[in-house]
Amino acid sequence: MIIVMKADTQPDSPELSQVIQMAEGYPGITTQLHRIEGATRSVIEIYLLGPTGVVPTEPFEEFTSVERVVRVTEKFRSIGRHGGGLEAVGFDYNGVHFSQENLHVFPGVCAVDEPHNLEDTFKALQENGVQTSRAGAYKPRTSPYDFQGKGAACLPWVFELAGKFGIRVIAMEVTHEKHVNEIRQALRESGNATGVMLQIGTRNAQNFELLKVVGQQTELPVLFKRGMGITLEESLNACEYVASGGNRRIIFALRGMKTNLGDPHRNFVDFAHVPVVKRLSRLPVCIDPSHSVGSRAKSPEGLLDIFNVTAQGVIAGANLVLVDFHPRPEEALCDGPQALLISELPRFLEDVQIVRKAYEERVKRTALPD
Ligand code: PEP
Ligand code: MN
């Protein structure tokens, strides 16, 4: 059960303490407080944990500072909307605001290789007004003989370059607890030159111990990628591990699903689920067109499939686009063939803006009232 307090309720208000006291008066019930940053306001929510089935909602609804009491029925308790009773959650990180209302593009390299390639990438981002990027230092590869990423050794120069070109947030995958510690330490040693969003890759979507690790720290937000071979509900349940650890700054990413029905794409593109995830969860939703499509194939009109599926996700209301770029794909140590070229960046960003405007128009003209 979740008790949503009215927006002006202060953490030290006597009514808040009375509500908590009443809740904890029921046998076996404990409470947790969360401050939720919604699209337009910030509210305190009280989570009742334990046997809440026998706890009535009415006594709580009588408090003037209680806005709503929501019975939690679905499995993803913290990240779920629970039938629309709860609003979306946004958050700020390193000067960037993330929510179900806005859109950020994270163009960057799949894997960090040489400094000159990253420098050219970040420089192009700065020239195009982009402050968010991706750069993999730890790569989970299908074969043990493939390049595994530059690891901790590259972090100091990656963060220094990011700072130099005004990059505020880098999405960076982690596959082990020690990567989280290495990143936090290197960020500190760089004087927090940039910020990192910890990416959980599709192969680790159900690595529950890793999910607990990134969930139990609250310094860095988490980009959780859906599992490629599990259901959406299983992915949302796995993502709940992050939130249940205490970290509520989470983005949920769609990146396609493993199925031969997905041919000729690397994965079956699942961006029709953007609005579904926005309806089921409170989280901003990311799409990864590069790892979904996996190639530079193009349509007869000349549009790359990566552009086309990006448009599908953006017109459906996506909040983040994670996309592979490389200044010299022939030098890339991972996923070169699916990388967009730096010369294609302005057109990609323009295309995203065209489609985002169309999405906003659709919401204005076509959306049904509540
Ligand atoms: C990636 O983004 O670099 C990546 C490996 O993605 P995924 O986990 O979706 O395959
Ligand atoms: Mn990749």
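A residue counts as buried when its relative accessible area is under 20%. Keep that cut-off in mind for this tour of a predicted model.

**Stop 1: the whole protein**

Turn the view along the principal axes. The C-alpha atoms fill a box of roughly 65 × 50 × 40 Å.

Of the 370 residues, 53% count as buried.

Colour by charge. There are 39 positive and 45 negative charges, and their mean positions lie 2 Å apart.

Now think about contacts along the chain. Take those with a separation of 6 or more: 71% of them join residues 24 or more positions apart.

**Stop 2: the manganese ion**

Select ligand 2, the manganese ion. Which residues coordinate it? The donor atoms are SG of Cys110, NE2 of His291 and OD of Asp335, at 1.9 to 2.3 Å. Along the sequence, these donor residues follow the spacing C-x180-H-x43-D. Cys110 and Asp335 link distant parts of the chain, 225 residues apart. Look for Cys110 in strand 7, residues 104-111. Asp335 sits in the loop between strand 14 (320-326) and strand 15 (340-341).

Stay on this pair. Is Cys110 buried or exposed? Its relative accessibility is 4%, under the 20% cut-off, so Cys110 counts as buried. Asp335 has a relative accessible area of 18%, so this residue is buried too.

**Stop 3: Val66**

Move to Val66. This residue belongs to strand 4, which covers residues 66-70. With a relative accessible area of 6%, Val66 is buried.

Finish with a distance. Draw a line from the C-alpha of Val66 to the C-alpha of Leu16. The two residues are 50 apart in sequence, and the line spans 8.6 Å.

Methods:
Residues numbered from 1 in each chain as written. Chains lettered and ligands numbered in written order. Predicted model: local features only at pLDDT ≥ 70, side-chain atom pairs only at ≥ 80, totals over all residues. Heavy atoms only, no water. Buried < 20%, exposed > 50% of the residue type's maximum accessible area, 1.4 Å probe, protein only. Contact = heavy atoms within 4.5 Å. Lys, Arg positive; Asp, Glu negative; His and termini not counted. Charge placed at Lys NZ, Arg CZ, Asp CG, Glu CD. Donors = N, O, S within 2.8 Å, 3.2 Å for Na, K, Ca; no water. Helix = DSSP H or I, 4+ residues; strand = E, 2+ residues; numbered from the N terminus.
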